[in-house]
Amino acid sequence: MSLFSPKNKEAFTTPLWKDNPVVIQVLGICSALAVTSQLEPAIVMGLSVTVITAFANVIISLLRKTIPSRIRIVVQLVVVATLVTIVSQVLKAFAYDVSVQLSVYVGLIITNCILMGRLEAFAMMNGPWESFLDGVGSGLGYAWILVVVGFFRELLGAGTLLGFQVIPDCAYEAGYMNNGMMTMPAMALILVGCVIWAHRAISKEK
Amino acid sequence: MLKKLFDSLRPTFTEGKLSAFRSVFDGFETFALVPDTTSKCGVSVHDSIDSKRIMSMVVIALMPALLFGMYNIGYWNAQAAGATDASFLEMFSFGLAVMLPKIIVSYLVGLGIEFIVAQWKHEEIQEGYLVSGMLIPMIVPVGTPLWMLAVAVAFSVIFAKEIFGGTGMNIFNPALVARAFLFFAYPTKMSGDSVWVTKDSFFGLGHQLPDTFTMATPLGQAAAGQPISTDLTSMFTGLMPGSIGETSVIAIMIGAAILLWSGIASWRTMISVFVGGALTAMLFNSVGAADNAVAQLPWYEHLVLGGFCFGAVFMATDPVTSCRTEKGKYIYGFIIGALAIVIRVLNPGYPEGMMLAILFMNMFAPLIDYFFVNSNINRRLARANNK
């Protein structure tokens with residue numbers, strides 16, 4: 001089987017749009033609310049989840065024939081926990097400020113439903129390459145929602161993007177004010193709702 | 001004459017080139033004239049008035065409070081500028097000039113969204129915004145900028161109303177959602193001591209005040225532990241700083257009388273809000289900590305200060321978001337009153353608790369109804385089974 005057969009491509013692209021983990025399966029919402037008050041942590045969080053999902057998928061897929069089905073959840077957790085620890089250490093070494101911002105939510109990737117869902121539903125039944133593509137797809141599907149939400153929350157809540165001021169000073173002098181509600185998790189939930197709304201409206205038209 | 005105008009315009013909208021705007025036409029026609037059509041399917045229990053007439057009645061009931069609010073705006077502007085000899089007309093027309101743009105913005109944005117949604121879904125235009133559009137400018141401080149008002153109106157119409165299915169389907173009172181949005185999004189413009197008096201002059205009316213001028217509401221003073229500078233008479237007549245429509249108890253009482261006389265608002269809800277508030281305030285009087293100035297406020301001052309009256313009369317009685325069962329209304333109202341006082345006294349960050357109390361109970365209204373309906377069903381079942 002070729003590396004980019006239609007089936008493999010599908011494993012990669014479905015979670016990006018048609019079966020998106022956040023807006024269709026509504027998984028991983030807690031972290032989507034918690035880390036998106038600014039754009040930078042949202043991007044880092046999305047990438048971390050992508051990396052962890054991809055490699056956890058590969059490892060579990062390689063082990064899938066030897067894992068006894070009774071203790072498979074434990075084995076999956078051990079693999080995920082190992083990867084999360086590695087990612088967390090890398091973040092602390094190379095992006096300390098962001099890892100402080102993300103604080104406990106990096107560690108909580110272990111409990112992210114997207115990971116367990118992909119391991120159970122895909123990696124236990126498919127080969128390593130397909131699982132890798134599926135993991136990358138799912139992670140990126142999660143990441144782009146976070147980036148969209150983080151973009152609007154940082155833009156409207158703080159007037160900045162990635163820490164740089166975007167809204168000019170003259171707007172503030174004319175009476176514009178940052179929307180304090182955007183920095184609250186409640187508004188993130190409403191924004192995720194809006195993304196789901198837009199997604200369903202576009203998907204229905206197709 | 002109006003009827004002739006609508007009749008002559010009708011073909012343009014039903015068949016002609018403007019047929020895309022049929023719902024807009026329909027909305028205006030039924031607003032101006034009572035429709036002579038009746039519902040064509042199902043059984044409907046009808047009063048002689050439809051919901052547009054109810055809405056107009058509520059807007060009429062709001063008028064005294066609104067007019068007084070305009071006068072109050074002018075009064076405080078003149079007071080703050082030291083012009084104590086300003087005439088009544090001067091103060092009122094200044095208030096009118098400040099208030100009118102807010103009302104226009106509120107209606108333009110809110111009705112605009114309603115019209116667009118109605119066109120889009122091919123439905124009739126729903127009239128619920130008539131009341132909300134008048135309420136929203138009245139429950140914000142006078143210093144709220146117009147663009148913030150527009151954003152809040154858009155937010156509340158879309159997220160509190162249209163996504164639940166439009167007028168009559170909403171769980172939360174749209175006007176209060178607009179205020180809550182402003183309250184959480186722009187806290188510096190919604191509370192504190194610099195938003196209650198207009199500082200700019202409008203069209204040559206009123207007085208320009210320095211930017212640093214501050215004036216706290218009585219509740220704000222109490223929450224900050226300062227002595228209240230308003231006496232009981234002005235609390236009652238409403239000559240005190242506060243959100244535009246909420247200050248005058250007399251004007252609100254006239255509105256309440258209109259609502260009760262026309263049978264739109266429920267006296268059960270209204271009375272129980274006041275009872276709940278009074279009892280809770282008395283409780284805090286007797287056990288309140290000595291260093292908490294709000295807890296020491298006598299109960300009658302609690303009831304005439306802030307948005308308590310306005311909320312009890314115009315917000316808690318909203319037929320859509322309050323309880324439908326008659327016994328439920330007592331509980332619903334009582335807890336609103338009690339919660340409002342509890343928030344005032346126990347939360348130092350929020351001098352006023354009426355908005356949050358009503359929104360909170362909006363959420364529980366269906367639950368209260370559910371228990372009363374079920375208990376009715378059980379009682380009747382028991383009666384039928386005993387025969």
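Seven residues of chain A and eight residues of chain B form the contact between the chains. On the side of chain A that touches chain B, four residues are nonpolar and three are polar. That side holds no charged residues. The model is a predicted one. Its scores are ipTM 0.80 and pTM 0.81.

Chain A contains 10 helices and two strands. Along the sequence, the order is α-α-α-α-α-α-α-α-β-β-α-α. Along the principal axes, the C-alpha atoms of chain A fill a box of roughly 65 × 45 × 30 Å. Of the 206 residues in chain A, 39% are buried. Contacts in chain A between residues at least 6 apart in sequence were also examined. Among these, 78% join residues at least 24 apart.

Helix H4 of chain A covers residues 72-94. It has 23 residues, which at 1.5 Å a residue should span 33 Å. The end C-alpha atoms of H4(A) are 33 Å apart, in agreement with that value. The buried residues of H4(A) are Gln76(A), Val79(A), Val80(A), Leu83(A), Val84(A), Val87(A) and Leu91(A). An α-helix has 3.6 residues a turn, so residues three or four places apart point the same way.

Val35(A) is 66 residues from Gln101(A) in sequence. In space, the C-alpha atoms of these two residues are 8.2 Å apart.

Chain B has 16 helices and zero strands. Buried residues account for 44% of its 387 residues. Among contacts in chain B between residues at least 6 apart in sequence, 71% join residues at least 24 apart.

The largest nonpolar core has 143 residues. Five residues touch the most other members: Ile52(A), Ala56(A), Leu182(B), Ile336(B) and Ile358(B). Leaving aside residues up to four places away in sequence, Ile336(B) touches Val273(B), Gly276(B), Ala316(B), Ala357(B), Ile358(B) and Met361(B).

Confidence was examined for each chain. Chain A averages a pLDDT of 86, and 98% of its residues score at least 70. Among the elements of chain A, H3(A) has the highest mean pLDDT (92). Helix H9 (residues 169-173) of chain A has the lowest (79). Chain B averages a pLDDT of 79, with 75% of the residues scoring at least 70. Among the elements of chain B, helix H16 (residues 354-386) has the highest mean pLDDT (90). Helix H2 (residues 22-32) of chain B has the lowest (61). Over residues 41-48 of chain B, pLDDT stays under 50. For this stretch, the model has one contact beyond four places in sequence. Where pLDDT is low, the predicted coordinates should not be read in detail.

Notes: Residues are numbered from 1 along each chain as its sequence is written. Chains are lettered from A and ligands numbered from 1 in the order in which they are written. This is a predicted model: local features need pLDDT of at least 70, side-chain atom pairs count only at pLDDT 80 or more; totals for chains, interfaces and linings use all residues. Two residues are in contact if their C-beta atoms, placed from the backbone, lie within 7 Å. Ala, Val, Leu, Ile, Met, Phe, Trp, Tyr, Cys and Pro count as nonpolar, Asp, Glu, Lys and Arg as charged, and the others, Gly among them, as polar. A nonpolar core is a set of buried Ala, Val, Leu, Ile, Met, Phe, Trp, Tyr and Cys residues joined through C-beta atoms within 7 Å. A residue is buried if 20 or more other C-beta atoms lie within 10 Å of its own, exposed if 12 or fewer, and partly exposed in between; C-beta atoms are placed from the backbone. Helices (H or I, at least four residues) and strands (E, at least two) are DSSP runs, numbered from the N terminus. The expected span of a helix is 1.5 Å times one less than its number of residues. pLDDT is the predictor's confidence in each residue, from 0 to 100.
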